[in-house]
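Thanks for coming. Please look at the model first.

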Amino acid sequence: MKSWVPYPTLVGDVQLDVTSGRIDGQLLDYRTRFAREQQTVALNEVERADWKEARFEVRVTLPGSEIDSGTWEKVVCVAVLSEGATNTRSVTELTRGPGTTWTGRVLLPRGMYRSRAVLTASVVATVDGVEGRVIGSTEQPWYIDLTAREPIRERELNIVEIDFRGGPEEWLRPFKDAPWLVDATGDMPTVWLNTGFEGLVELLHGSGNPVEKAMREVVAAQIAEEAWTAMFHSAVTDLDFDDNRTPRLPSGWRGTVLASMLPDVVPSTPLEDALREVHLRRSDGQGWAELQTNVQYAASRHSKVPKGLKDAVRALHRADEGNRR
(Lines give C-alpha, C1' and ligand atoms only; values in the text may rest on other atoms or scores of the structure.)
Protein backbone atom coordinates (compact mmCIF):
# COMPACT_ATOMS: atom_id res chain seq x y z
CA MET A 1 0.00 0.00 0.00
CA LYS A 2 1.33 3.43 -0.96
CA SER A 3 0.93 6.23 1.57
CA TRP A 4 -0.54 9.54 0.43
CA VAL A 5 1.76 12.57 0.68
CA PRO A 6 1.16 16.18 -0.46
CA TYR A 7 3.70 16.09 -3.32
CA PRO A 8 4.29 14.01 -6.48
CA THR A 9 5.58 10.46 -5.98
CA LEU A 10 6.43 7.49 -8.18
CA VAL A 11 3.52 5.43 -9.47
CA GLY A 12 5.65 2.52 -10.68
CA ASP A 13 7.20 -0.14 -8.47
CA VAL A 14 10.58 0.10 -6.77
CA GLN A 15 12.01 -3.42 -6.96
CA LEU A 16 14.83 -4.57 -4.65
CA ASP A 17 16.94 -7.67 -5.19
CA VAL A 18 19.86 -9.11 -3.23
CA THR A 19 22.08 -10.65 -5.88
CA SER A 20 24.88 -12.15 -3.75
CA GLY A 21 26.43 -12.17 -0.31
CA ARG A 22 29.73 -12.82 1.44
CA ILE A 23 30.70 -13.67 5.02
CA ASP A 24 34.16 -12.28 5.88
CA GLY A 25 34.93 -12.32 2.18
CA GLN A 26 33.72 -15.88 1.55
CA LEU A 27 30.94 -16.21 -1.03
CA LEU A 28 27.63 -17.57 0.29
CA ASP A 29 25.83 -20.38 -1.54
CA TYR A 30 22.89 -18.61 -3.18
CA ARG A 31 20.91 -21.85 -3.58
CA THR A 32 20.79 -22.67 0.13
CA ARG A 33 21.12 -19.27 1.81
CA PHE A 34 18.92 -17.06 -0.38
CA ALA A 35 15.25 -17.32 -1.33
CA ARG A 36 14.41 -14.76 -3.99
CA GLU A 37 10.67 -15.50 -3.98
CA GLN A 38 10.48 -15.14 -0.19
CA GLN A 39 13.06 -12.32 -0.20
CA THR A 40 14.95 -13.82 2.72
CA VAL A 41 18.57 -14.64 3.57
CA ALA A 42 19.54 -17.18 6.27
CA LEU A 43 22.88 -16.68 8.05
CA ASN A 44 22.85 -19.21 10.89
CA GLU A 45 25.38 -22.07 10.61
CA VAL A 46 27.30 -20.65 7.63
CA GLU A 47 30.38 -22.76 8.42
CA ARG A 48 32.03 -19.79 10.17
CA ALA A 49 31.02 -19.66 13.82
CA ASP A 50 32.85 -16.40 14.60
CA TRP A 51 32.19 -14.37 11.45
CA LYS A 52 32.47 -10.60 11.81
CA GLU A 53 30.81 -9.02 8.78
CA ALA A 54 28.40 -9.86 6.00
CA ARG A 55 28.30 -7.98 2.69
CA PHE A 56 25.43 -8.04 0.23
CA GLU A 57 25.31 -6.85 -3.35
CA VAL A 58 21.94 -5.24 -4.03
CA ARG A 59 20.19 -4.06 -7.16
CA VAL A 60 17.21 -1.70 -7.27
CA THR A 61 15.12 -1.22 -10.38
CA LEU A 62 13.16 2.02 -10.67
CA PRO A 63 10.45 3.11 -13.12
CA GLY A 64 12.88 4.85 -15.46
CA SER A 65 10.46 6.92 -17.51
CA GLU A 66 9.03 8.48 -14.35
CA ILE A 67 12.46 9.19 -12.90
CA ASP A 68 13.57 10.98 -16.06
CA SER A 69 10.35 12.89 -16.75
CA GLY A 70 9.19 13.81 -13.24
CA THR A 71 9.25 17.24 -11.62
CA TRP A 72 11.80 16.18 -9.01
CA GLU A 73 15.51 16.91 -8.93
CA LYS A 74 18.65 15.39 -7.41
CA VAL A 75 17.23 11.86 -7.31
CA VAL A 76 19.08 9.47 -5.00
CA CYS A 77 18.38 5.79 -4.32
CA VAL A 78 19.38 4.32 -0.94
CA ALA A 79 19.28 0.92 0.73
CA VAL A 80 18.18 0.94 4.38
CA LEU A 81 19.13 -1.87 6.77
CA SER A 82 17.45 -1.84 10.16
CA GLU A 83 16.50 -4.00 13.13
CA GLY A 84 13.96 -3.13 15.80
CA ALA A 85 15.45 -5.47 18.42
CA THR A 86 18.73 -3.50 18.51
CA ASN A 87 17.38 -0.16 17.26
CA THR A 88 20.06 -0.24 14.56
CA ARG A 89 19.69 1.54 11.23
CA SER A 90 22.17 2.17 8.42
CA VAL A 91 21.68 3.88 5.06
CA THR A 92 23.76 3.08 1.96
CA GLU A 93 23.64 5.33 -1.09
CA LEU A 94 23.47 3.32 -4.31
CA THR A 95 25.08 4.11 -7.66
CA ARG A 96 23.04 4.57 -10.78
CA GLY A 97 23.98 2.16 -13.55
CA PRO A 98 22.77 1.78 -17.13
CA GLY A 99 19.06 2.03 -17.72
CA THR A 100 16.85 2.01 -14.64
CA THR A 101 19.06 0.10 -12.20
CA TRP A 102 20.91 1.28 -9.10
CA THR A 103 23.44 -0.96 -7.40
CA GLY A 104 25.58 -1.02 -4.29
CA ARG A 105 26.99 -3.00 -1.39
CA VAL A 106 25.27 -3.20 2.00
CA LEU A 107 27.34 -4.07 5.07
CA LEU A 108 26.02 -5.97 8.09
CA PRO A 109 28.45 -5.97 11.05
CA ARG A 110 27.52 -8.90 13.23
CA GLY A 111 28.14 -7.01 16.44
CA MET A 112 25.43 -4.47 15.58
CA TYR A 113 22.63 -6.89 14.72
CA ARG A 114 21.18 -9.66 16.83
CA SER A 115 18.30 -11.43 15.15
CA ARG A 116 16.54 -10.39 11.93
CA ALA A 117 17.45 -7.33 9.90
CA VAL A 118 15.07 -5.69 7.45
CA LEU A 119 16.42 -4.44 4.10
CA THR A 120 14.43 -1.89 2.08
CA ALA A 121 15.10 0.67 -0.64
CA SER A 122 13.92 4.26 -0.87
CA VAL A 123 14.09 6.91 -3.56
CA VAL A 124 14.78 10.41 -2.28
CA ALA A 125 14.67 13.65 -4.26
CA THR A 126 14.21 17.39 -4.11
CA VAL A 127 10.54 18.17 -4.79
CA ASP A 128 9.17 21.72 -5.08
CA GLY A 129 12.44 23.02 -3.68
CA VAL A 130 12.29 20.78 -0.59
CA GLU A 131 15.22 18.37 -0.22
CA GLY A 132 15.08 14.84 1.17
CA ARG A 133 11.55 13.93 0.19
CA VAL A 134 10.83 10.22 -0.28
CA ILE A 135 9.18 9.75 -3.67
CA GLY A 136 9.19 5.94 -3.72
CA SER A 137 10.08 2.83 -1.74
CA THR A 138 9.88 -0.94 -1.87
CA GLU A 139 6.53 -2.55 -1.11
CA GLN A 140 8.07 -5.72 0.36
CA PRO A 141 11.35 -5.80 2.32
CA TRP A 142 14.07 -8.43 2.29
CA TYR A 143 14.81 -10.15 5.60
CA ILE A 144 18.37 -11.05 6.61
CA ASP A 145 17.96 -13.62 9.36
CA LEU A 146 20.95 -14.24 11.64
CA THR A 147 19.19 -17.06 13.53
CA ALA A 148 17.65 -19.11 10.69
CA ARG A 149 19.26 -22.06 8.94
CA GLU A 150 16.84 -21.88 6.00
CA PRO A 151 15.61 -18.72 4.22
CA ILE A 152 11.96 -18.84 5.32
CA ARG A 153 10.08 -15.54 5.37
CA GLU A 154 7.19 -16.33 7.69
CA ARG A 155 8.08 -17.47 11.19
CA GLU A 156 5.99 -18.25 14.24
CA LEU A 157 8.76 -17.37 16.67
CA ASN A 158 11.92 -15.34 16.82
CA ILE A 159 14.60 -17.38 18.62
CA VAL A 160 17.62 -15.58 20.07
CA GLU A 161 20.55 -17.40 21.67
CA ILE A 162 22.33 -15.20 24.19
CA ASP A 163 24.21 -15.42 27.47
CA PHE A 164 21.88 -14.09 30.17
CA ARG A 165 24.72 -13.55 32.62
CA GLY A 166 27.35 -11.75 30.53
CA GLY A 167 25.65 -10.92 27.24
CA PRO A 168 24.84 -7.47 25.84
CA GLU A 169 21.23 -7.48 27.11
CA GLU A 170 21.51 -6.19 30.67
CA TRP A 171 17.80 -6.73 31.37
CA LEU A 172 18.38 -10.50 31.11
CA ARG A 173 21.00 -10.63 33.86
CA PRO A 174 18.53 -10.97 36.77
CA PHE A 175 17.30 -14.14 35.00
CA LYS A 176 20.79 -15.67 34.64
CA ASP A 177 19.66 -19.00 36.14
CA ALA A 178 16.70 -19.42 33.78
CA PRO A 179 17.21 -21.72 30.77
CA TRP A 180 14.94 -19.57 28.60
CA LEU A 181 12.44 -16.71 28.62
CA VAL A 182 9.49 -15.93 26.35
CA ASP A 183 8.65 -12.35 25.33
CA ALA A 184 5.31 -11.98 23.53
CA THR A 185 5.04 -8.18 23.61
CA GLY A 186 6.56 -7.23 20.25
CA ASP A 187 5.72 -7.55 16.58
CA MET A 188 7.05 -11.12 16.67
CA PRO A 189 7.18 -13.34 19.78
CA THR A 190 10.73 -13.98 20.94
CA VAL A 191 12.19 -16.95 22.78
CA TRP A 192 15.45 -16.05 24.52
CA LEU A 193 17.67 -19.13 24.96
CA ASN A 194 20.30 -18.81 27.68
CA THR A 195 23.63 -19.98 26.25
CA GLY A 196 25.03 -19.69 29.77
CA PHE A 197 22.73 -22.49 30.95
CA GLU A 198 25.02 -25.51 30.77
CA GLY A 199 24.16 -28.00 28.05
CA LEU A 200 20.92 -26.37 26.84
CA VAL A 201 21.99 -25.10 23.43
CA GLU A 202 24.11 -28.20 22.79
CA LEU A 203 21.09 -30.38 23.54
CA LEU A 204 18.78 -28.43 21.23
CA HIS A 205 21.26 -28.39 18.34
CA GLY A 206 22.74 -31.87 18.75
CA SER A 207 21.85 -35.24 17.32
CA GLY A 208 22.99 -37.96 19.72
CA ASN A 209 21.44 -41.29 20.67
CA PRO A 210 17.68 -42.00 20.89
CA VAL A 211 17.54 -40.92 24.55
CA GLU A 212 19.22 -37.58 23.82
CA LYS A 213 16.93 -37.07 20.82
CA ALA A 214 13.88 -37.76 22.98
CA MET A 215 15.11 -35.34 25.64
CA ARG A 216 15.63 -32.68 22.97
CA GLU A 217 12.05 -33.11 21.77
CA VAL A 218 10.72 -32.81 25.32
CA VAL A 219 12.67 -29.62 26.00
CA ALA A 220 11.70 -28.10 22.64
CA ALA A 221 8.04 -28.95 23.28
CA GLN A 222 8.19 -27.41 26.75
CA ILE A 223 9.63 -24.20 25.31
CA ALA A 224 6.91 -24.18 22.66
CA GLU A 225 4.20 -24.75 25.29
CA GLU A 226 5.37 -21.75 27.30
CA ALA A 227 5.53 -19.70 24.10
CA TRP A 228 1.96 -20.63 23.09
CA THR A 229 0.72 -19.75 26.59
CA ALA A 230 2.51 -16.40 26.62
CA MET A 231 1.29 -15.58 23.11
CA PHE A 232 -2.32 -16.39 24.04
CA HIS A 233 -2.27 -14.13 27.10
CA SER A 234 -0.61 -11.34 25.12
CA ALA A 235 -3.21 -11.66 22.36
CA VAL A 236 -6.24 -11.45 24.66
CA THR A 237 -4.86 -8.31 26.32
CA ASP A 238 -4.48 -6.49 22.98
CA LEU A 239 -7.91 -6.77 21.38
CA ASP A 240 -9.69 -4.28 19.14
CA PHE A 241 -13.40 -3.56 19.52
CA ASP A 242 -16.21 -2.54 17.21
CA ASP A 243 -18.76 0.22 17.91
CA ASN A 244 -20.73 -2.13 20.16
CA ARG A 245 -17.63 -2.93 22.25
CA THR A 246 -17.52 -6.43 20.80
CA PRO A 247 -13.96 -7.76 20.60
CA ARG A 248 -12.54 -8.40 17.15
CA LEU A 249 -9.90 -10.91 16.18
CA PRO A 250 -6.59 -9.00 15.92
CA SER A 251 -4.33 -9.13 12.90
CA GLY A 252 -0.90 -10.73 12.64
CA TRP A 253 0.37 -13.49 14.87
CA ARG A 254 -2.04 -12.60 17.69
CA GLY A 255 -5.04 -13.37 15.49
CA THR A 256 -3.44 -16.60 14.31
CA VAL A 257 -2.77 -17.74 17.88
CA LEU A 258 -6.31 -16.98 19.04
CA ALA A 259 -7.90 -18.67 16.03
CA SER A 260 -5.75 -21.75 16.69
CA MET A 261 -6.26 -22.01 20.45
CA LEU A 262 -9.79 -20.78 21.09
CA PRO A 263 -11.46 -23.99 19.86
CA ASP A 264 -9.66 -25.82 22.70
CA VAL A 265 -9.98 -23.04 25.26
CA VAL A 266 -13.75 -22.64 24.74
CA PRO A 267 -14.81 -25.90 23.07
CA SER A 268 -17.86 -26.30 20.80
CA THR A 269 -18.27 -22.53 20.47
CA PRO A 270 -18.07 -20.35 17.33
CA LEU A 271 -14.85 -18.35 17.14
CA GLU A 272 -16.47 -14.92 17.67
CA ASP A 273 -18.47 -16.17 20.66
CA ALA A 274 -15.38 -17.85 22.13
CA LEU A 275 -13.40 -14.62 21.81
CA ARG A 276 -16.20 -12.69 23.54
CA GLU A 277 -16.36 -15.28 26.33
CA VAL A 278 -12.61 -15.13 26.98
CA HIS A 279 -12.67 -11.33 26.98
CA LEU A 280 -15.57 -11.22 29.47
CA ARG A 281 -13.93 -13.73 31.80
CA ARG A 282 -10.68 -11.82 31.75
CA SER A 283 -12.40 -8.44 32.25
CA ASP A 284 -14.57 -9.33 35.25
CA GLY A 285 -12.41 -12.11 36.64
CA GLN A 286 -15.33 -14.55 36.82
CA GLY A 287 -14.09 -17.94 35.69
CA TRP A 288 -10.78 -16.61 34.38
CA ALA A 289 -8.70 -18.76 36.73
CA GLU A 290 -10.71 -21.87 35.85
CA LEU A 291 -10.13 -21.16 32.16
CA GLN A 292 -6.37 -21.49 32.59
CA THR A 293 -6.65 -25.28 32.61
CA ASN A 294 -8.06 -25.12 29.08
CA VAL A 295 -5.36 -22.64 28.03
CA GLN A 296 -2.71 -25.02 29.33
CA TYR A 297 -4.29 -27.93 27.46
CA ALA A 298 -4.49 -25.95 24.20
CA ALA A 299 -0.86 -24.84 24.50
CA SER A 300 0.24 -28.39 25.30
CA ARG A 301 -1.61 -29.81 22.30
CA HIS A 302 -0.23 -27.24 19.85
CA SER A 303 3.33 -27.69 21.09
CA LYS A 304 3.04 -31.51 20.89
CA VAL A 305 4.10 -32.00 24.51
CA PRO A 306 2.19 -35.30 24.89
CA LYS A 307 3.91 -36.84 21.86
CA GLY A 308 7.36 -35.69 22.96
CA LEU A 309 6.80 -37.03 26.47
CA LYS A 310 5.58 -40.39 25.17
CA ASP A 311 8.61 -40.71 22.88
CA ALA A 312 10.94 -39.83 25.76
CA VAL A 313 9.37 -42.43 28.06
CA ARG A 314 9.65 -45.08 25.36
CA ALA A 315 13.28 -44.19 24.64
CA LEU A 316 14.16 -44.37 28.35
CA HIS A 317 12.33 -47.69 28.67
CA ARG A 318 14.23 -49.19 25.73
CA ALA A 319 17.53 -47.91 27.11
CA ASP A 320 16.74 -49.41 30.49
CA GLU A 321 15.92 -52.76 28.91
CA GLY A 322 19.17 -52.65 26.94
CA ASN A 323 21.17 -52.04 30.09
CA ARG A 324 19.58 -55.04 31.84
CA ARG A 325 20.55 -57.46 29.07
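What share of the contacts in the protein with a separation of 6 or more comes from residues 24 or more positions apart? The share is 65%, where contact means heavy atoms within 4.5 Å.

This is a predicted model, where local features need pLDDT of at least 70, side-chain atom pairs count only at pLDDT 80 or more, and totals for chains, interfaces and linings use all residues. Residues are numbered from 1 along each chain as its sequence is written, and side-chain values use heavy atoms, with hydrogens and water left out.

The protein has eight helices and 17 strands; these are DSSP runs, H or I of at least four residues for helices and E of at least two for strands, numbered from the N terminus. Of its 325 residues, 39% are buried, meaning under 20% relative accessible area with a 1.4 Å probe, protein chains only.

Now helix α5, residues 252-265. Its buried residues include Trp253, Val257, Leu258 and Met261. Among the elements covering the buried residues of α5 are α4 (210-236), α6 (271-284) and α7 (288-302).

How do α4 and α5 pack, at what angle? The angle is about 105 degrees, and the axes are 9 Å apart; axes are lines fitted to C-alpha atoms, for helices over the stretch in contact, and angles run from 0 to 180 degrees between N-to-C directions. The two helices are therefore roughly perpendicular, a label for 65 to 115 degrees. On the α4 side the contact includes Trp228 and Phe232, and on the α5 side Trp253 and Leu262.

Methods. The expected span of a helix is 1.5 Å times one less than its number of residues. Buried means under 20% relative accessible area, exposed over 50%, partly exposed in between (1.4 Å probe, protein chains only). Angles under 35 degrees count as roughly parallel, over 145 as roughly antiparallel, 65 to 115 as roughly perpendicular and the rest as oblique.
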